[in-house]
Amino acid sequence: MSKEWDAGRLDSNLDGVAFNTLAVRAGQHRTSEGEHSDPIFFTSSYVFRTAADAAARFAGEVPGNVYSRYTNPTVRAFEERIAALEGAELAVAMATGMAAILALVMSLCSSGDHVLVSRSVFGSTISLFERYFKRFGIEVDYVPLADLSGWEASIQTNTKLLFVESPSNPLAELVDINALSKLAHTKGAMLAVDNCFCTPALQQPLKLGADIVVHSATKFIDGQGRCMGGVVAGCGEQMREVLGFMRTAGSALSPFNAWIFLKGLETLSLRMNVHCANAIALAEWLEQQAGIKKVYYAGLKSHPQHMLAKQQQRNFGAVLSFEVRGGKDGAWRFIDATRLISITTNLGDSKTTITHPSTTSHGRLAHQEREAAGIGDSLIRISVGLEDIADLQADITRGLTVL
Ligand SMILES: *Cc1c(COP(=O)(O)O)cnc(C)c1O
């Protein structure tokens, strides 16, 4: 058996294949065992043939693994698959989504740089910028996500990075990623998009002009609420900086978690299709119910950015929120009356979850800040799972009847 034939048959030829094929096969480099599924490489270090080989690998003169804090074949398979799905040159996996955001900013920004962040980002992301990056001389300002003229007015000569989440949590606001990336580039800044809510199955920010994508793989990429993980993807030059930080800081992803995420990606499109179908059905149905004051979901024609969502996303995602009659008491009664849906702040799970943002995920914000962000006491957020839609409606009806 010639070596070329062997390699050619063991690894799939992925030239020109479509997204769903990449989601199943990209990043897999089979060993001489010929395993069909992805193996998990549980090893902290790697052996060298000779002392000279070790020296050459440590010096980076020849490629190859040295230590699993730096590289690991299972983690690399996940990184290659994410890079393929996001249309990135390289991706770097991390222990959590927050570790990914930390590595992104630590590796690409310095003291004296200015960063602009959309107002409605994930709570821990705000804490990271406010409590830690500011301490080390990074200037941080916040801009309402959808307000392009606000972004333009806030960019300074030292603005290095724009950081957004689109769609936002929990109100499903969007920013025009293409327009914002053009704005960033004319001012010499980079645009990073946290693509956790859409996943590459619904939105590919790099193809819309963004420079960097970050993910909490903990959410839809896993898809079944099992493992923590994160990933940053973008061009080679920047990702080598991110890798340099990650391998020194020690926020490496476990190979077991990488394997879970590889399995998650194999069903990503299928799952997102059902998540989205359930979410739009639920959103349209909720809009018709007495006791529901307003529903926030970009798939609804009533959503002010419905057309933009159609343009830059393949579908509208699984997260929706709504205001109920009766303020906080009404919202809590509603949540407590459900019997199927899980009361938990996690999202992106096959199980539907329900949460009261103003007293949980956004509870640390001052009342005025919450009101300014539109997160009132009567708001409930649902991450719509994969259960039967009739069962979800029946459970939510339990909530509606106690309003
Ligand atoms: C959960 C989440 C994060 C943080 O990810 P972890 O894996 O929990 O560290 C970042 N951004 C968004 C949008 C998230 O939902």
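Some background. This is a predicted model, where local features need pLDDT of at least 70 and side-chain atom pairs count only at pLDDT 80 or more, while totals for chains, interfaces and linings use all residues. Residues are numbered from 1 along each chain as its sequence is written, and side-chain values use heavy atoms, with hydrogens and water left out.

Domain 1 covers 8-266 and domain 2 covers 269-400, with bounds from an automatic or database domain assignment. Their centres, taken over C-alpha atoms, are 27 Å apart. Domain 1 brings 34 residues to the contact and domain 2 brings 33, contact meaning heavy atoms within 4.5 Å.

Now the area. About 2,800 Å² is buried between domain 1 and domain 2, and carbon and sulfur atoms give 54% of that. Buried area is the accessible area (1.4 Å probe) that two parts lose on being put together, summed over both. Of the area that domain 1 buries against domain 2, Leu171, Leu202 and Phe220 supply 27%, more than any other three residues.

What does the rule find in polar contact across the interface of domain 1 and domain 2? There are 16 residue pairs, both residues at pLDDT 80 or more. A polar contact is a pair of N or O atoms within 3.5 Å; within protein, one must be able to donate a hydrogen and the other to accept it, and residues adjacent in sequence count only if both atoms are side-chain atoms.
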